[in-house]
Amino acid sequence: MLERLHRSDEALVGRKVLVVDDDVRNIFALSSVLERRGMIVLTAGTGREAIATLETTPDVAIVLMDIMMPEMDGYETMQVISQNVSFRRLPIIALIAKAMKGDREKCLEAGASEYLAKPVNTEQLLSALRMWLHR
Amino acid sequence: MSANEKVNILMVDDQPAKLLSYDAILAELGENLIKAASGREALEILLKTDVAVVLMDVSMPEMDGFEMAEIIRQHPRFQKTAIIFISGVHLTDLDNWSRLSTVLHQCGLLMKLG
């Protein structure tokens with residue numbers, strides 16, 4: 001059992017994840033879960049900060065992006081990121097609270113690889129990360 | 001870490017006057033004192049800075065010291081960070097007692113007089 005758990009985290013250990021959320025409590029909660037699994041967590045409180053971090057850190061493996069943020073929201077941020085050819089293969093998991101019909105399509109159109117509802121279910125999040133990082 | 005390297009002490013209080021007085025009291029330690037005016041600001045600092053001790057007020061608007069301590073403690077990086085509460089909170093209040101006891105076994109408590 002333990003061995004299986006360990007093996008399933010192989011895809012996560014040592015990988016760099018950028019967590020983008022304007023609420024520092026969410027950032028704290030998410031980075032608790034991710035660091036426990038051996039991931040290296042970078043954080044950004046705004047879309048602009050996220051883009052700047054990606055530009056200066058070439059080895060980010062995956063991005064967790066909150067959608068509802070003031071000023072520059074997650075959709076806009078993802079659009080800017082996906083316009084840059086060097087991030088073409090960078091998976092982005094969009095996190096959205098109070099999901100409405102059509103949000104999923106909107107996320108995927110803006111450049112998200114996947115879409116998860118907030119509050120985030122830990123197991124769901126980890127399996128999405130494993131899937132996107134395994135490729 | 002070398003012996004003469006300064007450590008960071010994070011002081012959290014929503015009242016600027018209190019922060020100033022902690023600053024005056026702790027200055028003689030010669031360590032690096034960092035001020036935060038809210039729990040939110042404190043968490044942002046913690047994400048980017050190595051902190052040895054968190055000194056915090058219990059009753060603050062929006063996010064109080066109990067909530068903050070819980071959030072800090074659940075993070076693997078801060079499981080051993082010292083947290084000291086500074087409290088003028090009414091400990092006769094049962095609700096406060098039970099919340100306090102859930103976090104107190106890992107934290108220190110300093111009573112704020114007056």
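## Overall make-up

Chain A has six helices and five strands. Helices (H or I, at least four residues) and strands (E, at least two) are DSSP runs, numbered from the N terminus. Along chain A from that end, the elements run α-β-α-β-α-β-α-β-α-β-α.

This is a predicted model: local features need pLDDT of at least 70, side-chain atom pairs count only at pLDDT 80 or more, and totals for chains, interfaces and linings use all residues. Residues are numbered from 1 along each chain as its sequence is written, while chains are lettered from A and ligands numbered from 1 in the order in which they are written.

## The sheet

Five strands of chain A form an open sheet in the order 2-1-3-4-5, with parallel pairing. Two strands pair if DSSP finds at least two bridges between them. Strand 2 (40-44) and strand 5 (114-117) of chain A are the edge strands, and each pairs on one side only. On average, neighbouring strands of this sheet are turned by 20° against each other, direction ignored. Axes are lines fitted to C-alpha atoms, for helices over the stretch in contact, and angles run from 0 to 180 degrees between N-to-C directions.

Look at one pair. Strand 1 (residues 16-20) and strand 3 (residues 60-66) of chain A run parallel, joined by five bridges. A:Val20 has A:Met65 in strand 3 of chain A as its bridge partner.

## Helices on the sheet

Helix 2 (residues 24-36) of chain A packs on the sheet and touches strand 1, strand 2 and strand 3 of chain A. Two residues are in contact if their C-beta atoms, placed from the backbone, lie within 7 Å. The direction of helix 2 makes about 165° with that of strand 2 of chain A.

Helix 3 (residues 47-56) of chain A lies across strand 1, strand 2 and strand 3 of chain A. Helix 3 runs at about 165° to strand 1 of chain A.

## A helix pair

Helix 3 of chain A also packs with helix 4 (residues 74-83) of chain A. Their axes are 9 Å apart, at an angle of about 25°. The two helices are therefore roughly parallel to each other (angles under 35 degrees count as roughly parallel, over 145 as roughly antiparallel, 65 to 115 as roughly perpendicular and the rest as oblique).

Which residues meet? A:Gly47, A:Ala50, A:Ile51 and A:Leu54 of helix 3 meet A:Glu76, A:Thr77, A:Val80 and A:Ile81 of helix 4 in chain A.
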